[in-house]
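Trainee: Could you walk me through how to read a few features of a protein model?
Mentor: Gladly, let us take them one at a time.

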Amino acid sequence: MVSRVRVWLNRTYAENVFFMDQLRRNPSDRAVEIHATHGDADSPVLAAADTAELEPEGLSPAAYVEFALDQCARRGIDVFVPRLHQSAIVAHRAEFEAVGTALLAPPPEAVAVFHDKVIAYEAVQAIGVPVPPWWRVRTAGELVAAVEELEAGGHKACFKPASGAGGVGFRIVTRAPFSLVHLNGFPGPYVPLDLVVEALQQADEPVDWLVMPRLEQPEVSVDCLTGPDNRVRLAIGRTKNGRRRGFTLHEQWLEPARRLAEGFGLHYLSNIQFRMFGDEPVLMDVNTRPAGGLHQLSLCGVNAPWAAVQLALGEDPGEMVPPFVGQDYTVVSGPRPLRAVSLPQQRVEEAGPLLPALPAPVSEPVDSVGAAASVLPL
């Protein structure tokens, strides 16, 4: 009898409830039990898991590694998918292996390269993957110089943190003075240059931003599954153009993504994002973790989360070619159940090294929703 697989996701995105669903509906018909931890008691991933705990707040990366090792040992975790403190965790891979846990994450060298976007851009340029023009800025003067140079070339300037995930901190620079236009409708990414300069001049410490031209659509996110042997088993591009989403297997996107995944050892699941600079696709970002939208590959008949778990367990799924390319679709939000009773947030001083497990999911009416999204065809 084949034993069940125990998988842990730590402080992950709400959308990964679908990642968890795919693990349970795996084509191998293997029993999967999922453990989840989070700092928010109302995260829908806690309700979707078989067992769940609140994470203590305020732990240093080193202390979090100790917390994670204890979780793996106590919970009998076979595969750990780390998001929070990924770089600290992968540096202790041997210790996790010693307690019987495989890490579904790249080696520390790969994580380190793509943690800092400047280091990443320099590294990928060295192997011939195009990147947009960029400037690293820390002061108001450096920001203005970079913006002026971009505008002289006919481009809109934008900036984002040199290290960070997702679109956190992304802003587009405008010369328009602050007015009611900026206060109408929903908040947008546009910020007047004079206000940014003033904020920088008044700041107590320098920033660390990357300034570059605003890149054009389509955005193509290539989800890659790469083995520990550095060979890509799966690569599918997800296209984004406004509301419309779709898929692509065109080599102008997949070839540079494979080159990055294999060249830098982006083992297991990674997400490599491109946009257009003029007529040329250029690298925008690399995520050394599963993308929140990875589950959308199910529209191509692919279960990438389960294939990654197989790889982590030493069971090679082989090269995976999608049996078909799914139709275009859009993403809409929908309800997900929460646990019946919301637990209060733990204060740092009250949180011990371990917190009691949350109760198992119960079959009660849904009275709240999680921030998850579903896909609908167009």
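The dialogue below goes from the whole chain to one residue.

Mentor: First, some ground rules: this is a predicted model, where local features need pLDDT of at least 70, side-chain atom pairs count only at pLDDT 80 or more, and totals for chains, interfaces and linings use all residues. Residues are numbered from 1 along each chain as its sequence is written, and side-chain values use heavy atoms, with hydrogens and water left out.

Trainee: How many helices and strands does the chain have?
Mentor: Helices (H or I, at least four residues) and strands (E, at least two) are DSSP runs, numbered from the N terminus. Here there are eleven helices and 17 strands. The radius of gyration, taken over C-alpha atoms, is 22 Å, close to the 21 Å from the globule rule for 378 residues, so the chain is as compact as a globular protein of that length. That rule is 2.2 Å times the number of residues to the power 0.38.

Trainee: What share of the residues is buried?
Mentor: Buried means under 20% relative accessible area, with a 1.4 Å probe and protein chains only. In this chain, 51% of the 378 residues are buried.

Trainee: Where is Thr 12 found, and is Thr 12 buried or exposed?
Mentor: Thr 12 lies in the loop between strand 1 (5–10) and helix 1 (17–24). Thr 12 is buried, at a relative accessible area of 8%.

Trainee: Which residues does Thr 12 touch?
Mentor: Contact means heavy atoms within 4.5 Å. Leaving aside residues up to four places away in sequence, Thr 12 touches His 38, Val 45 and Arg 83.

Key:
Buried < 20%, exposed > 50% of the residue type's maximum accessible area, 1.4 Å probe, protein only.
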